[in-house]
Number of protein chains: 2
Amino acid sequence: MSEKLVGAKRQTALKELHGWAEVLERDAIRKTYHFPDFPTAWGFMNQVALLTEKCGHHPEWFNDRGRVEIILFTREVDGVTGKDVELAHRIDQMAPAHDR
Amino acid sequence: MSEKLVGAKRQTALKELHGWAEVLERDAIRKTYHFPDFPTAWGFMNQVALLTEKCGHHPEWFNDRGRVEIILFTREVDGVTGKDVELAHRIDQMAPAHDR
């Protein structure tokens with residue numbers, strides 16, 4: 001099982017992510033991606049959907065036309081683990097250049 | 001342009017919808033759909049995505065594994081219109097029997 005990231009390990013892992021921030025009211029990380037319109041956002045979400053299904057690690061996520069907000073955390077430990085950090089990196093690779 | 005639904009007209013329209021409730025803090029309607037897992041939820045969301053793109057009327061929506069929450073309102077009037085009620089009915093037609 002993945003361990004909850006804490007202390008210096010956590011800070012280092014999060015510092016290597018671009019644009020991901022800690023959620024205030026719970027132990028999770030979030031990022032918002034911006035697209036010109038809904039079809040483009042939906043294309044991105046479909047790619048992410050396949051990736052998360054393959055990983056067996058699903059986000060909570062929200063969409064409003066071109067805006068996609070993703071929240072990652074690991075349910076088993078109710079916190080952020082290496083699985084979330086790795087998934088965040090992989091999602092970023094699918095994102096448009098300005099959101100990477 | 002669609003007119004904001006108010007008064008008796010609004011009550012009648014909303015009463016004909018099953019499981020849709022008024023959002024407390026703004027003029028919008030919301031419903032939560034439940035699926036056994038993420039792939040099934042995602043299949044439903046893809047159907048809804050195509051429908052909303054065809055209608056040119058997009059929801060705000062949230063997904064957490066098998067849970068899908070949809071919020072409908074009409075941006076042009078910042079409230080609920082006939083367009084939302086019609087879309088709600090059409091989304092319900094795509095939903096599993098227990099959520100219709």
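**Entry 1: strands across the two chains**

I began with β3(A), which pairs with strand β3 (residues 60-64) of chain B in the antiparallel sense, over 5 bridges. I keep in mind that this is a predicted model. Then I looked up A:Phe62 and found that its bridge partner in β3(B) is B:Phe62.

**Entry 2: the rest of the interface**

Next I asked how many residues of chain A are in contact with chain B. I found 17 residues of chain A in contact with 17 residues of chain B. Between them the two chains bury about 1600 Å², and 61% of that lies on carbon and sulfur atoms. I noted three names on the side of chain A: A:Phe38, A:Trp42 and A:Trp61 supply 34% of the area that chain A buries against chain B, more than any other three residues.

Then I turned to charges and polar atoms. The rule finds 2 salt bridges across the interface of chain A and chain B. I followed one of them, from A:Asp64 to B:Arg75, where the closest N and O atoms are 2.8 Å apart. For polar contacts I wrote down 7 residue pairs between chain A and chain B.

Which elements of chain A give two or more residues to the side that touches chain B? They are α2 (38-55) and β3 (60-64) of chain A. The largest share, 8 residues, comes from α2(A).

**Entry 3: the strands of chain B**

I moved on to strand β4 (residues 67-72) of chain B. Of its 6 residues, 5 are buried, so β4(B) is largely enclosed by the rest of the structure. I found β4(B) paired with strand β2 (residues 29-34) of chain B, antiparallel, over 6 bridges; here B:His34 stands opposite B:Arg67. β4(B) also pairs with β3(B), again in the antiparallel sense, over 5 bridges. One of the residues I checked there was B:Glu60, whose bridge partner in β4(B) is B:Ile71.

The hairpin of β3(B) and β4(B) has 2 residues between the strands, and in this hairpin B:Arg65 takes a positive phi near 50 degrees.

**Entry 4: a histidine in a loop**

Last, I looked up B:His57, which sits in the loop between α2 (38-55) and β3 of chain B. Is B:His57 buried or exposed? B:His57 counts as buried because its relative accessibility is 6%, and the cut-off for buried is under 20%. Leaving out residues up to four places away in sequence, I listed what B:His57 touches: B:Thr52, B:Phe73, B:Thr74, B:Lys83, B:Asp84 and B:Leu87.

Methods. Residues are numbered from 1 along each chain as its sequence is written. Chains are lettered from A and ligands numbered from 1 in the order in which they are written. This is a predicted model: local features need pLDDT of at least 70, side-chain atom pairs count only at pLDDT 80 or more; totals for chains, interfaces and linings use all residues. Side-chain values use heavy atoms; hydrogens and water are left out. Contact means heavy atoms within 4.5 Å. Buried area is the accessible area (1.4 Å probe) that two parts lose on being put together, summed over both. A salt bridge is a side-chain nitrogen of Lys or Arg within 4 Å of a carboxyl oxygen of Asp or Glu. A polar contact is a pair of N or O atoms within 3.5 Å; within protein, one must be able to donate a hydrogen and the other to accept it, and residues adjacent in sequence count only if both atoms are side-chain atoms. Helices (H or I, at least four residues) and strands (E, at least two) are DSSP runs, numbered from the N terminus. Two strands pair if DSSP finds at least two bridges between them. Buried means under 20% relative accessible area, exposed over 50%, partly exposed in between (1.4 Å probe, protein chains only).
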